[in-house]
Amino acid sequence: MKNLHVTTEKRLKIEKRRIHSLVNLLCKELNISLENLDINFVSEKTITEINKSYLKHNYPTDIITFNYSGNHDLVDGEIFICIKVALENALKYKVDLDSEIIRLVVHGILHIVGYDDVYAKDRKKMKIREDILVNLFEIDFKNLIIEYDSEDS
C-alpha cells in the first residue's frame with residue numbers, strides 16, 4: 001500500500017510488510033478506503049510528549065490516533081503506538097506482544113473510522129468490534145516484532 005507508512009524509533013525492528021498486509025485486510029473487512037496512514041512505533045518518551053502536547057495528559061499511553069479528514073469512510077490519519085506500553089499491556093493481559101500490536105493497529109483504525117471509547121456504551125461497542133477483528137487476523141500475523149531492545153524506551 002503506497003499510502004501507508006510504517007516507521008519505528010531506534011531499538012525496534014518490525015515486519016513492516018506484515019503491518020501493510022494487516023491494514024490492507026482491515027480496510028477490506030471494514031469496507032473502507034485508505035487515503036493516507038502513518039503508523040509510528042515510538043518510545044515512551046515520544047508518546048508522553050505527544051500525549052502532553054495534544055491531549056494535555058502527562059503520562060505514557062499505548063496508542064494515540066489522529067483522524068486528519070474527519071471522514072469515517074476512509075482512512076486518513078496517523079497512529080502512534082508505544083511499544084514499551086504495548087509490552088506492559090501484553091504482560092498484564094497475558095497475551096504475546098504480536099497480539100497486542102495487532103490489537104493496537106485495529107484499535108487505531110477503528111478510531112479513525114469513527115469508533116470511540118470515551119463513554120462506556122461506545123467503549124463496549126468498540127471493544128466488541130475490536131475483538132472480532134483481532135480474532136479474525138491474529139493467527140495470520142504472528143512474528144511482527146523482529147527485534148526489540150527496551151533499554152532506551
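How many helices and strands are there in the protein? There are five helices and six strands, where helices (H or I, at least four residues) and strands (E, at least two) are DSSP runs numbered from the N terminus.

1. Basis. The model is predicted: local features need pLDDT of at least 70, side-chain atom pairs count only at pLDDT 80 or more, and totals for chains, interfaces and linings use all residues. Residues are numbered from 1 along each chain as its sequence is written, and side-chain values use heavy atoms, with hydrogens and water left out.

2. Order of elements. Starting at the N terminus, the protein reads β-β-α-β-α-β-β-α-α-α-β.

3. Overall dimensions. The C-alpha trace spans about 40 × 35 × 30 Å along its principal axes.

4. Contacts. Of the contacts (heavy atoms within 4.5 Å) with a separation of 6 or more, 67% are between residues 24 or more positions apart.

5. Strand 5 and its partners. Two strands pair if DSSP finds at least two bridges between them. Strand 5 (residues 74-82) runs antiparallel to strand 4 (residues 63-67), with five bridges joining the two. Strand 3 (residues 33-42) runs parallel to strand 5 and is joined to it by nine bridges. Glu78 of strand 5 stands opposite Phe66 and is also the bridge partner of Asp38. Phe80 in strand 5 stands opposite Ile64.

6. The hairpin. Strand 4 and strand 5 form a hairpin with six residues between them. Gly70, in the turn, has a positive phi of about 80°.

7. Burial of strand 5. In a regular strand the side chains alternate between the two faces of the sheet. Both faces of strand 5 are covered: Leu74, Asp76, Glu78, Phe80 and Cys82 are buried on one side, and Val75, Gly77, Ile79 and Ile81 on the other. Buried means under 20% relative accessible area, exposed over 50%, and partly exposed in between (1.4 Å probe, protein chains only). Nine of the nine residues of strand 5 are buried, so the strand is largely enclosed by the rest of the structure. For the protein, 44% of the 153 residues are buried.

8. Charge. There are 22 positive and 26 negative side chains, and the centres of the two sets lie 2 Å apart. Lys and Arg count as positive, Asp and Glu as negative, while His and the chain ends are not counted; the charge is placed at NZ of Lys, CZ of Arg, CG of Asp or CD of Glu.
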